Amino acid sequence: MYDVKDIMETISMIRDNNLDIRTTTMGISLIDCADTDIDKSCTKVYDKICRLAGDLVSVGEDISAKYGIPIVNKRVSVTPVSMLVGVSGGDPVKYAKALDRAAHTIGINFIGGYSALVHKGFSAGDMELIESIPRALAETELVCSSVNIGSTRAGINMDAVKKMGTIIRETAELTKNDQCMGAAKLVVFCNAVEDNPFMAGAFHGTGEADHVLSVGVSGPGVVRSVLAGMPKDAPLDAVSETIKKTAFKITRVGQLVGSEAAERLNTQFGIVDLSLAPTPAIGDSVAHILEEIGLEQCGAHGTTAALAMLNDAVKKGGVMASSSVGGLSGAFIPVSEDAGMIDAAREGTLSIEKLEAMTAVCSVGLDMIVVPGDTTADVISAIIADEAAIGMVNSKTTAVRLIPAIGLAEGEELNFGGLLGYGPVMPLRTKSPSVMIARGGRIPAPLQSLKN
Amino acid sequence: MEKQENAVLTVVGVNDVGILAKTAACVAEANGNVVQVSQIVMDKFFTMTMLIDITGLKNSIQELEDTLMKSLPGMEVHLMHENIFNSMHRI
């Protein structure tokens, strides 16, 4: 028989501290859907997604009922669509609409993979796809888009960085009547991973199998609650140890749900992404974990160190729990999706500079940050370049998901609703980086030795 | 032979007459087989954990949980497949 304490711990993690499976994401390769006729290609895409992922939602609900643990999102990621555009030509938005239709048919929350990988240069289909992103995101509801503009091995494609500044602005402008929502579904990556199950940056890499099922577990609330039970004078190595043990338990649940879902869907199990992904709900915040560790508010000096420890401890616990850890795995810091970050940004404790420093030690990057509506494309490009440089030099994934709040200025707020949350417009430096951005070209790959 | 599957039931709340009896009746009605029960009453609080063999269960775990909640109003009832506890607490 199980120990009553263990049983109660599991129940309290789920019922009181928001432990959930944040997403089950099926990755589907669309390589065999490529056709020189774009309409035929779109039909094949729609059919393949509906055929393989048709039961994704019902299986998720079944497993959720069996184990009593919520599975919040069911999603699909596909091969970067720029590859299909390269074969078929034509208007890439047709693909976006086919993906959106398929997502609606099978009842999932998001579909990712309206993507292009251009870290070293543009090939057939890449530029067409990138230029179509603003329209694609404005004319569809569930499609998410990402573009990889740099990597540690290739350096940073500054022509793509320049382009993406304009694309992010245009995307926000085209959706300005809908809280600039388009920009919340667009991520720019450096060192993008091929098996990330989290949106908006999920796509199904070309090195993956035809179809796989991956899960993203969450649980910032659980970690915060365990830390709240520790004495305030416990040394940080003890804090780290506690986080590690908690991450272990959370990851085991992810592994259980993922392997069972994969088996029922007749697909192979991909990875568990053990990211601490916050939601705007009270008690589901990464910022509150940092505050529980001992900061008055997230963004105070000491935040980077606390986050570095948290991120590392989460990975260590997770790696012990599952041999299939992958994706982004770490702590997410999306400002608008985290109640503690929103408060800290509103009070001015959390600045974009501090967030940038935090991204050097945590799992992704400048995520869900609302910036003034008059921010120029060049400034957005420069922020992307800064963030990509951090990722490139530190051999880690970094990303930028900024939402220019068209028509709004500092002090005002955007509200996306649901898991995407709400956030205040954060001030940026206004001195111009235009000459540097206009240069374009490439920042060469960094040295991998002589590291100091 | 089919592999035996178990679920763990917990019932927590203010003590009253017949909680265990009502629980057992619901489980039997759903064709669940009680494998083990542990029950304690402390300071008027009733805490029970029950391991149930659900291999031959007529309906889903969810439905049995719903029935239990209806017949034990005011009590906190959780019914979950044992695998989740195995995964979390055993290496």
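The model is predicted: local features need pLDDT of at least 70, side-chain atom pairs count only at pLDDT 80 or more, and totals for chains, interfaces and linings use all residues. Residues are numbered from 1 along each chain as its sequence is written, chains are lettered from A and ligands numbered from 1 in the order in which they are written, and side-chain values use heavy atoms, with hydrogens and water left out.

Chain A is assigned domain 1 (17–190) and domain 2 (215–440). These bounds come from an automatic or database domain assignment. The domain centres, taken over C-alpha atoms, are separated by 21 Å. Contact (heavy atoms within 4.5 Å) links 47 residues of domain 1 of chain A with 60 residues of domain 2 of chain A.

The largest nonpolar core holds 129 residues. A nonpolar core is a set of buried Ala, Val, Leu, Ile, Met, Phe, Trp, Tyr and Cys residues joined through side-chain atoms within 4.5 Å. Buried means under 20% relative accessible area, exposed means over 50%, and partly exposed lies in between (1.4 Å probe, protein chains only). Within this core, A:Ile49, A:Val76, A:Leu99, A:Tyr114, A:Ile149 and A:Leu310 touch the most other members. Helix 10 (residues 236–264) of chain A gives the largest share, 9 residues. Domain 1 and domain 2 of chain A both contribute, so the core lies between them. In soluble globular proteins, nonpolar side chains tend to be buried together.

A:Ile149 has contacts beyond four places in sequence, among them A:Val118, A:His119, A:Met164, A:Phe189, A:Ile384 and A:Ala388. A:Val76 belongs to strand 2 (residues 71–78) of chain A. Of the 8 residues in this strand, 7 are buried, so the rest of the structure largely encloses it. Helices (H or I, at least four residues) and strands (E, at least two) are DSSP runs, numbered from the N terminus. Two strands pair if DSSP finds at least two bridges between them. Strand 2 of chain A pairs in the parallel sense with strand 1 (residues 21–28) of chain A, over 7 bridges. Here A:Val76 is the bridge partner of A:Met26. Strand 2 of chain A also runs parallel to strand 3 (residues 110–117) of chain A, joined by 3 bridges. In that strand, A:Ile111 stands opposite A:Val76.

Chain B contains an open sheet of 4 strands in the order 2-3-1-4, with antiparallel pairing. Strand 2 and strand 4 (76–81) of chain B are the edge strands, each pairing on one side only. From one strand to the next, the twist averages 10°. Strand 2 and strand 3 of chain B share 9 bridges in the antiparallel sense. B:Gln39 has B:Met48 in strand 3 of chain B as its bridge partner. Helix 1 of chain B packs on the sheet and touches strand 1, strand 2 and strand 3 of chain B. The direction of this helix makes about 20° with that of strand 3 of chain B. Axes are lines fitted to C-alpha atoms, for helices over the stretch in contact, and angles run from 0 to 180 degrees between N-to-C directions.

Helix 1 (residues 19–29) of chain B buries B:Ile19, B:Thr23, B:Cys26 and B:Val27. Seen down the helix axis, the buried residues fall within an arc of 100°, so they line one face. The arc is that of the directions from the helix axis to the C-beta atoms. The face turned away carries the exposed residues B:Ala21, B:Ala28 and B:Glu29. Strand 1 (6–14), strand 2 (33–42), strand 3 (45–53) and helix 2 (61–71) of chain B are included in what covers the buried side. B:Asn31, with a positive phi near 65°, follows the helix.

Several loop residues were also examined. B:Lys44 lies between strand 2 and strand 3 of chain B. Its phi is positive, about 70°, although B:Lys44 is not a glycine. B:Lys44 is exposed, at 67% relative accessible area. A:Ser395, between helix 15 (377–394) and strand 10 (398–405) of chain A, has a positive phi near 50°. A:Ser395 is partly exposed, at 43% relative accessibility. The peptide bond from A:Met199 to A:Ala200 is cis, with omega near 10°.
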